[in-house]
Amino acid sequence: MGASGRLFSCLTAAVLLSGCEDLPPPRVLPPPHVPAPPPPPDGALENAAKAAVAEWREAHDERDRKRLEALYASRVRFQGFELTREVVLRFAEAESTRSPSMRREVSGTTLDLRQRGLVVAHFATTKRAMNRITTETTTLGLSCDLRGARDCDGVPCEAHDLPRCLVVTEDSSAYGETF
C-alpha cells in the first residue's frame, strides 16, 4: 500500500480508533512570500512633512476650505480635544472671520521622526493682522503615507511624488501646549 493509501487507512482508523502514531507529521506549507514595499527615498518623509506645513499655512491664509479638508484627518486632536475635521474647519473659519486680514509666517521648523508613523513638526507661527503681530509655537502631528513616494534624483519633487501627510494633531502655545 502506498503512502496515500496508508494515510487514508490511518485517517479512517483514527476516526474509528483514534490512533495513528506511526504517521509522518503533516507537511506545513510556508506562507506565500509577499515582498515588502520598497523603502521610501532618502528625505521623502522630511520633504513631505515640510510640504504639509507649507500647505497648512497657505490653505489657512487663503481660507481655502477644500485644501484644508484635504489636509486634516477625519479625527484630529486639536488643542487637546478629540474633534472631527468639520469642527476644526469651523474653528478655522471663525478665526478667519475675526481677523480677515490675518496672514501667517512659519519659521524655525524642526521635525521629530522618532515616533513610528508620526512626524511631529514644531515651528514658530507669526500672525499679522492689521496693526497686531503675535508669535506662537505651533506643533502639528502628521501621519504620512509613504506608499508611492519616489526619488526625484536631486531635483525638487512635484507634490504627487511625495508621500501624503495628514494633520492628526494640532497644538498652539496661544491656547497652551497639550501635545
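These are my notebook entries on what I looked up in this predicted model.

**Ground rules.** I number residues from 1 along each chain as its sequence is written, and my side-chain values use heavy atoms, with hydrogens and water left out. As the model is predicted, local features need pLDDT of at least 70 and side-chain atom pairs count only at pLDDT 80 or more, while totals for chains, interfaces and linings use all residues.

**Entry 1: the overall layout.** I started with the elements, taken as DSSP runs numbered from the N terminus (helices are H or I, at least four residues; strands are E, at least two). The chain has four helices and six strands. Read from the N terminus, the order is α-α-α-β-β-α-β-β-β-β.

Next I checked burial, where buried means under 20% relative accessible area, exposed over 50%, and partly exposed in between (1.4 Å probe, protein chains only). Of the 179 residues in the chain, 30% are buried. The accessible surface is about 11,800 Å², and carbon and sulfur atoms own 58% of that; areas come from the Shrake-Rupley method with a 1.4 Å probe.

I then looked at contacts, meaning heavy atoms within 4.5 Å. Among contacts with a separation of 6 or more, 53% are between residues 24 or more positions apart.

**Entry 2: the cavity.** How many cavities of 30 Å³ or more are there? I get one. A cavity here is a set of points on a 1 Å grid over the protein atoms alone where a 1.4 Å probe fits but cannot get out, and lining residues have an atom within 4 Å of a point. Points are joined across faces, edges and corners, and the volume is the space filled by probe spheres set on them. For the largest cavity that volume is about 140 Å³.

It has 18 lining residues, and Trp 56, Glu 95, Arg 104, Lys 127 and Glu 170 are the closest to its centre. Elements giving two or more residues to the lining are α2 (44-61), β1 (72-78), α4 (85-98), β4 (119-129), β5 (132-145) and β6 (164-172). α4 gives the most, four residues.

I sorted the lining into seven nonpolar, five polar and six charged residues. For that, Ala, Val, Leu, Ile, Met, Phe, Trp, Tyr, Cys and Pro count as nonpolar, Asp, Glu, Lys and Arg as charged, and the others, Gly among them, as polar.

**Entry 3: strand β1 and its partners.** I called two strands paired if DSSP finds at least two bridges between them. β1 pairs with β6 in the parallel sense over three bridges, and Arg 77 stands opposite Thr 169 in β6. β1 also runs antiparallel to β2 (residues 81-84), joined by four bridges. Among the bridge partners in β2, Thr 84 goes with Arg 75 and Leu 83 with Val 76. β1 and β2 form a hairpin with two residues between them.

**Entry 4: two positive phi values.** Most residues other than glycine have a negative phi, so I looked for exceptions. Gln 79, in the loop between β1 and β2, has a positive phi of about 55°. Met 130, in the loop between β4 and β5, also has a positive phi of about 55°. Is Gln 79 buried or exposed? Gln 79 counts as buried because its relative accessibility is 11%. Met 130, at 76%, counts as exposed.

**Entry 5: His 122.** This residue lies in strand β4. His 122 counts as partly exposed because its relative accessibility is 30%. Beyond neighbours within four places in sequence, His 122 contacts Gly 108, Thr 109, Thr 110, Thr 138 and Thr 139. Thr 109 is 13 residues away in sequence, and its C-alpha is 5.6 Å from that of His 122.

Methods. On a 1 Å grid over the protein atoms alone, a cavity is a set of points where a 1.4 Å probe fits but cannot get out, and a pocket is an open set with protein on both sides within 12 Å along at least five of seven lines; lining residues have an atom within 4 Å of a point.
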